[in-house]
Amino acid sequence: MAKRFYVTTPIYYVNDKPHIGHTYTTIVADTLKRFYDLLGYETFFLTGTDEHGEKIVEAAKKAGQPTDVYVDKMSAVFEETWVKLNISNDAFIRTTDKGHIKVVQLILQRIYDAGDIYFGTYEGNYCIGCERFLTARELVDGKCPDHKSEPVQSKEENYFFRMGKYRTWLIEYIRKHPEFIRPERYRNEVLGFLSEPLDDLCISRPKSRLNWGVPLPFDENFVTYVWFDALINYISALGYPEKVLFHKFWPVANHLIAKDILKPHGIYWPIMLKAAGIEPCHHLHVHGYWNIDEGKISKSLGKVIDPLKLKNLFGLDAIRYFLMREMVFGLDCNFSEEILIARINADLANDLGNLFSRSLTMVKKYFESTIPQPETITEKEEALKSMALGVVQDYQPLMKDLSFHKALGVIWELVNGVNKYIDDTAPWALAKDRTKMERLKTVMYWTLESLRFISTLLSPFMPETSQKMLAQLGIKEPFPKFHTLNVWGGIRPGTKIGAPTILFPRIDTSRNLNAKTKVS
Ligand code: MSP
């Protein structure tokens with residue numbers, strides 16, 4: 001089977017600028033795309049913006065701008081932010097794109113023609129933040145648990161999608177495809193929702209109330225419900241129905257979301273696809289929340305951490321590293337500046353940065369920055385080599401399993417292993433003894449080769465740092481490949497390497513901590 005990988009983020013609402021929560025999902029997607037590129041897969045990475053619905057109209061009003069002007073501006077803010085964060089998406093979809101709107105209408109018409117959409121009346125609790133009706137069971141003290149606001153009572157004539165009739169099909173599908181929703185806790189949560197009767201889904205809004213959305217193709221007095229419109233982005237961006245991209249990448253689709261939007265992705269979306277005669281998505285990967293003070297970071301709750309401010313304060317790759325190292329994919333995680341700074345100083349400035357600069361400094365001093373030819377090999381070299389090859393073995397399944405914190409953990413075992421190897425072999429002592437020159441050559445070669453392994457494995461997480469490290473090691477290929485780690489001995493004796501560099505400056509916590517690190 002062809003090796004392909006398709007990864008998506010949610011398309012983000014444009015009612016405010018991106019914060020650290022959106023940044024996390026987008027960096028996970030970017031890391032996965034770069035990891036599969038490293039493995040030599042053909043990849044496609046999609047992100048974008050969700051621009052219809054009541055909450056966007058309200059935000060535009062608040063900003064005092066016409067809705068279309070407002071969404072153009074805000075969508076551009078997302079797109080520009082991802083460029084600044086070195087996000088390697090292949091496409092950026094907007095739900096106001098003409099091509100997307102056409103596909104939404106095509107799917108609606110198809111489901112309508114098949115008899116799965118009918119006209120009726122609905123009365124219920126509508127949460128504008130979630131842009132959906134909440135069931136009584138979902139409310140906590142009469143409020144939406146995510147937005148902490150009371151839903152509005154709403155009664156309207158609308159179109160409905162016969163979602164309820166697919167309930168048993170979906171339960172069966174999820175049971176037969178344990179790899180569909182991951183981690184397991186979220187599969188169980190969806191099965192929990194499905195153990196209760198499933199209401200049909202209201203998929204329209206009357207134009208008299210909301211004039212901002214995709215018109216229903218079979219009734220021009222209504223626009224499409226924003227979730228029904230938004231979910232379709234995952235296939236409209238691939239040019240569904242006719243384009244090559246769809247046939248290539250839909251069978252290998254991987255959606256990334258946080259648990260806030262599990263219900264639309266775990267229930268509405270597979271049923272919409274089934275009703276439209278399309279295979280459900282291959283994998284739905286669900287992560288937890290970044291919290292501050294135990295509350296979810298979100299725009300609607302007013303707690304925001306600006307990723308660009310963080311980048312300016314601490315550097316992009318340090319932030320990327322922290323987010324991927326600190327959160328266990330699937331669980332919630334607290335965002336704290338203290339932990340961020342501690343990680344930068346300990347893992348990046350100290351363990352990795354010092355290793356890199358001291359290695360390059362020694363090669364400069366002892367061999368005029370030229371990679372020496374290794375000579376006699378001892379048990380110490382055998383041990384380091386088998387450690388590096390072992391880390392390569394462990395890394396791949398951990399990455400495929402989205403266990404990023406563990407993948408980084410094994411890379412750091414190697415970082416620490418090389419640091420220990422240097423301390424044990426003490427090249428500075430070898431350099432003082434003319435009879436130990438051969439040994440010194442081997443130690444330096446082994447150190448540099450280990451750094452090639454480390455920088456290659458780090459490339460999905462910290463692309464700029466990895467590229468910088470590889471270039472310094474005299475490796476000119478711009479895109480590292482995983483298969484180069486099948487063998488020990490990739491760096492070539494005689495090659496000139498770069499001058500010692502500081503990869504990650506230490507954050508001085510003694511000086512003016514508050515002013516320097518105020519990020520929210
Ligand atoms: N527009 C919908 C998604 C439609 S997809 C067809 C939406 N947008 S959103 O702007 O609210 O983004 C929600 C997503 O942003 C979450 O699922 C997650 O990917 C990310 N996050 C937002 N806040 C987050 C945290 N506090 N923590 C982790 N991720 C967070 O829902």
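How far apart do the C-alpha centres of domain 1 and domain 2 lie? They lie 42 Å apart. The model is predicted.

**View 1. Two domains and the contact between them.**
The protein is divided into domain 1, residues 4-304, and domain 2, residues 337-485. Their contact takes 14 residues from domain 1. Domain 2 gives 15 residues to it. The size of an interface is often given as the accessible area lost when the parts come together. Here the two domains bury about 1300 Å² between them. Carbon and sulfur atoms account for 71% of that area. Look for T31, F35 and L38 on the domain 1 side. These residues supply 45% of the area that domain 1 buries against domain 2, more than any other three residues. How many salt bridges does the rule find across the interface of domain 1 and domain 2? The count is zero.

**View 2. A salt bridge between D90 and K33.**
Side chains of opposite charge can pair when their charged atoms come close. The structure holds 24 salt bridges. One of them joins D90 and K33. Their closest N and O atoms are 3.0 Å apart.

Four elements are listed as giving two or more residues each to the lining: β6 (132-134), α6 (184-194), α10 (262-275) and β16 (295-296).

**View 3. The largest cavity.**
The count comes to two cavities of 30 Å³ or more. The largest has a volume of about 40 Å³. Its lining includes H52, G53 and E54. Y126, E131, R205, L210 and W212 also line this cavity. T224, Y225 and V226 complete the list. By class, five lining residues are nonpolar, three are polar and three are charged.

**View 4. The second largest cavity.**
This cavity has a volume of about 30 Å³. F180, H255, H265 and W269 are among the residues that line it. P270, P280, C281 and L284 line it too. Which element gives the largest share of the lining? Helix α10 does, with three residues. The lining has six nonpolar residues and two polar ones. No charged residue takes part in this lining.

Most residues other than glycine have a negative phi, and most peptide bonds are trans. R182 and P183 are joined by a cis peptide bond, with omega about -10 degrees. P183 is placed in the loop between β8 (181-182) and α6. The peptide bond from Y240 to P241 is also cis, and its omega is near 5 degrees. P241 lies in the loop between α8 (233-236) and α9 (244-249). Now turn to E368. E368 is not a glycine, yet its phi is positive, at about 50 degrees. Where is E368 found? It is in the loop between α13 (337-367) and α14 (379-400).

Key. Residues are numbered from 1 along each chain as its sequence is written. This is a predicted model: local features need pLDDT of at least 70, side-chain atom pairs count only at pLDDT 80 or more; totals for chains, interfaces and linings use all residues. Side-chain values use heavy atoms; hydrogens and water are left out. Domain bounds come from an automatic or database domain assignment. Contact means heavy atoms within 4.5 Å. Buried area is the accessible area (1.4 Å probe) that two parts lose on being put together, summed over both. A salt bridge is a side-chain nitrogen of Lys or Arg within 4 Å of a carboxyl oxygen of Asp or Glu. On a 1 Å grid over the protein atoms alone, a cavity is a set of points where a 1.4 Å probe fits but cannot get out, and a pocket is an open set with protein on both sides within 12 Å along at least five of seven lines; lining residues have an atom within 4 Å of a point. Grid points are joined across faces, edges and corners, and a volume is the space filled by probe spheres set on the points. Ala, Val, Leu, Ile, Met, Phe, Trp, Tyr, Cys and Pro count as nonpolar, Asp, Glu, Lys and Arg as charged, and the others, Gly among them, as polar.
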